[in-house]
Amino acid sequence: MMGFRDGKASDILAKRIRRDFPGYEVINMSISDYKTNNAMTRVDRVKRLNPAVVILGFGVNDISTDDEIKPGKFAANLTNIIETLGSSKVILLSPPYIDWIKDPTRPWTRQLQFELVTEHLSKQLDVSYIDLLHDMANCDNLNDLLQADGLHFTKQGYSLLEDELIPEIKATLTNQLVSN
């Protein structure tokens with residue numbers, strides 16, 4: 001749930017989720033610039049916390065053609081992470097929309113490829129899923145969702161993400177209660 005404001009790490013999304021779920025402990029385990037390869041080294045640490053809900057939002061860095069990760073490796077990494085944590089606890093986000101004109105290292109074609117990977121995995125592994133890429137791309141105010149760099153969210157971008165996450169978090173928590 002890492003956020004960025006003016007290029008600096010921010011806890012903005014975690015703070016919003018804490019506000020929306022006051023009876024729950026919200027732990028932000030995100031690390032800036034991490035790819036799924038890096039996350040593989042931390043998944044056991046997350047599992048030891050025994051979270052009720054895990055929001056997996058990868059892809060922004062995996063999509064980059066700098067130190068490129070192939071879609072198949074992205075899929076294998078996500079599959080391993082989801083299976084380790086437990087699919088009933090995971091909310092999987094597609095990679096977000098990135099303005100590929102402002103950031104040509106993250107081309108639209110790779111954004112679509114990685115979104116398809118996350119969508120397929122959500123069905124294959126029976127994981128809650130939010131198609132953030134298309135939710136953002138279909139907004140009338142798309143330019144208002146991203147900072148000038150075309151990569152990091154604005155307040156409006158975080159509001160969209162929060163609006164998408166809240167019902168999924170509630171549903172996941174409800175399913176956890178029913179299962180126990």
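This is a predicted model: local features need pLDDT of at least 70, side-chain atom pairs count only at pLDDT 80 or more; totals for chains, interfaces and linings use all residues.

Q: OK, what does the pLDDT average for the protein?
A: The average is 89, and 94% of the residues score at least 70, where pLDDT is the predictor's confidence in each residue, from 0 to 100.

Q: And where does pLDDT stay under 50?
A: That is the case over residues 1–8, for which the model has 33 contacts beyond four places in sequence, a contact being heavy atoms within 4.5 Å.

Q: Back to rings: how many aromatic pairs are there?
A: The structure holds 6 aromatic pairs, counted when the ring centres of Phe, Tyr and Trp (its six-membered ring) lie within 6.5 Å, with planes under 30 degrees apart taken as stacked, over 60 as edge-to-face and the rest as tilted. One of them joins Phe21 and Tyr24, whose centres are 6.3 Å apart with planes at 75 degrees, so this pair is edge-to-face. Phe21 is buried at 7% relative accessible area, whereas Tyr24 is partly exposed at 44%.

Q: Why is the pair of Tyr97 and Trp100 edge-to-face?
A: Because the planes of Tyr97 and Trp100 stand at 70 degrees, with the ring centres 5.9 Å apart. Ring pairs also link Tyr97, Trp100 and Trp108 into a cluster.

Q: Switching to strands, in which order do they form the open sheet?
A: The order is β3-β4-β5, 3 strands with parallel pairing, where strands are DSSP runs of E of at least two residues, numbered from the N terminus, and two of them pair if DSSP finds at least two bridges between them. β3 and β5 (128–130) stand at the edges with a single partner strand each, so one side of each has no neighbour in the sheet.

Q: Which residues stand opposite Leu92?
A: Leu56 stands opposite Leu92 in β4, and Leu92 in turn stands opposite Tyr129 in β5. β3 (residues 54–57) and β4 (residues 90–93) are joined over 4 bridges, and β4 and β5 by 3 bridges.

Terms used: Residues are numbered from 1 along each chain as its sequence is written. Side-chain values use heavy atoms; hydrogens and water are left out. Buried means under 20% relative accessible area, exposed over 50%, partly exposed in between (1.4 Å probe, protein chains only).
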